[in-house]
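Hello,

Here is the structure I promised to pass on to you. Have a look at it first, and then read on for what turned up in it.

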Amino acid sequence: MPYLTLNIDIQDRTALVVGGGTVALRKVGTLLAAGARVQVVAPALAEGLETLRQLGAISVRSASYAPADLEGVFLAVAASDNREVNAGVARDARERGILVAVANAPKLGTCTFPAILRRGELEIAVSSGGRCPAFSVQVRDRIAAVIGEEYATALERLAAEREKLLTEGNGSTYNAKLVRFQAERVLGQLAVDRDGA
Ligand SMILES: C[C@@]1(CC(=O)O)c2cc3[nH]c(cc4nc(cc5[nH]c(cc(n2)[C@H]1CCC(=O)O)[C@@](C)(CC(=O)O)[C@@H]5CCC(=O)O)C(CC(=O)O)=C4CCC(=O)O)c(CCC(=O)O)c3CC(=O)O
Ligand SMILES: NC(=O)C1=CN([C@@H]2O[C@H](COP(=O)(O)OP(=O)(O)OC[C@H]3O[C@@H](n4cnc5c(N)ncnc54)[C@H](O)[C@@H]3O)[C@@H](O)[C@H]2O)C=CC1
């Protein structure tokens, strides 16, 4: 099934994670890295989540999921080990027009988490359409072997050059041509640096 790939601004919006195990911990990490306000509801918490709670990085309701947990929520993640609970979260979220990812049954949800490679503000996301997450991870790791931290610096340089260019009042055709040329030049330089030529 094809998915719509978007980059969602989740800064200061609330994400609810149902479940407190290892999968929940991973999703929480991704959500926090994106700047979301994270609420967890679970009767028991994995160690890493307990630490995040003590640090004040997440808020926790130590109980079983209830539909009221969805109040004010932008994105929900059903990551408990109980199929019925996860299916209930999916149904309740969909009814309320809330985005929902379901860890054990992605088809019940409306979105999935990709494997992510981050180099500064450059982000590469790999998805297998839910078919094989382990494959997504390995494809991501292959890309990581080629796209190193130097790409973060390269992006910074290009972004600064582009920002300056956009203030100079040239036409967009001219700008597009120049920005593409600059990107090509910087990528070419990265290749030279890598190959030691
Ligand atoms: C559909 C999706 C929904 C979602 O969770 O959003 C989903 C679903 C399921 N995952 C399962 C298993 C595993 N998932 C991982 C790992 C990751 N899973 C992630 C995403 C997704 N997993 C979404 C689709 C992504 C895509 O399209 O490719 C990653 C990429 C991102 C993340 O979690 O944030 C993260 C890597 C993080 C990283 O390294 O960065 C590993 C471990 C590993 O391989 O290392 C295993 C064990 C090996 C195996 O079973 O494959 C199971 C079976 C559960 C069971 O057995 O009960 C289901 C349910 C099903 O498939 O029905
Ligand atoms: N999408 C993915 O990336 C992956 C998904 N899975 C699936 O994710 C699910 C969770 O896996 P793990 O985190 O390893 O399990 P886990 O056993 O470590 O944690 C399960 C958590 O669910 C909580 N829970 C149980 N009933 C609940 C309820 N009514 N309300 C709220 N929380 C409740 C428990 O307290 C516990 O914290 C499993 O169903 C597994 O099939 C597993 C691996 C990867």
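**What surrounds the ligands**

The shell around ligand 2 has twelve nonpolar, eight polar and one charged residues. In that count Ala, Val, Leu, Ile, Met, Phe, Trp, Tyr, Cys and Pro are nonpolar, Asp, Glu, Lys and Arg are charged, and the others, Gly among them, are polar.

Before going further, please keep in mind that this is a predicted model, in which local features need pLDDT of at least 70 and side-chain atom pairs count only at pLDDT 80 or more, while totals for chains, interfaces and linings use all residues. Residues are numbered from 1 along each chain as its sequence is written, and chains are lettered from A and ligands numbered from 1 in the order in which they are written.

Back to ligand 2: there are 21 residues around it, and Gly20, Gly21, Val23, Ser64 and Ser80 come nearest. A residue is taken as near a molecule if its C-beta atom, placed from the backbone, lies within 6 Å of it. Helix H1 gives the most to the shell around ligand 2, namely three residues. Helices here are DSSP runs of H or I with at least four residues, strands are runs of E with at least two, and both are numbered from the N terminus.

Ligand 1 is surrounded by 20 residues, and the closest are Phe113, Ser128, Pro133, Ala134 and Ser136. Its shell divides into ten nonpolar, eight polar and two charged residues. Helix H1 (22–33) and helix H4 (133–146) each supply at least two residues of the shell around ligand 1, and the largest share, four residues, comes from H4.

**The chain as a whole**

The protein chain has six helices and seven strands. Read from the N terminus, its elements run β-α-β-α-β-β-α-β-β-β-α-α-α. Its C-alpha atoms fill a box of roughly 55 × 40 × 40 Å along the principal axes. The radius of gyration of the chain is 21 Å, whereas a compact globule of 197 residues would have one near 16 Å. That radius is taken over C-alpha atoms, and the globule rule is 2.2 Å times the number of residues to the power 0.38.

Of the 197 residues in the chain, 21% are buried. A residue is buried if 20 or more other C-beta atoms lie within 10 Å of its own, exposed if 12 or fewer do, and partly exposed in between, with C-beta atoms placed from the backbone. Among contacts between residues at least 6 apart in sequence, 47% join residues at least 24 apart. Two residues are in contact if their C-beta atoms, again placed from the backbone, lie within 7 Å.

How do H1 and H2 cross, and at what angle? The axes of H1 and helix H2 (residues 47–54) come within 8 Å and cross at roughly 40 degrees. That makes H1 oblique to H2. Axes are lines fitted to C-alpha atoms, for helices over the stretch in contact, and angles run from 0 to 180 degrees between N-to-C directions. Angles under 35 degrees count as roughly parallel, over 145 as roughly antiparallel, 65 to 115 as roughly perpendicular and the rest as oblique.

On the H1 side Ala24, Leu25 and Val28 take part, and they meet Gly48, Leu49 and Leu52 in H2. By class, this contact of H1 with H2 has five nonpolar, one polar and no charged residues.

**A few residues to look up**

Val23 is found in helix H1 and is partly exposed, because 19 other C-beta atoms lie within 10 Å. Not counting residues up to four places away in sequence, Val23 touches Ala79 and Ala103.

Val85 sits in helix H3 (residues 83–95). It counts as partly exposed, with 16 C-beta neighbours inside 10 Å. Leaving aside neighbours within four places in sequence, Val85 is in contact with Val18, Tyr65 and Ser80.

Gly130 lies in the loop between strand S7 (122–126) and H4, and 14 C-beta neighbours inside 10 Å make Gly130 partly exposed. Gly130 touches Pro106 and Thr112, not counting residues up to four places away in sequence.

Finally, Asp12 lies in the segment before strand S1 (14–18). Asp12 has a positive phi of about 65 degrees although it is not a glycine. Most residues other than glycine have a negative phi. Asp12 is exposed, with 9 other C-beta atoms within 10 Å.

Best wishes
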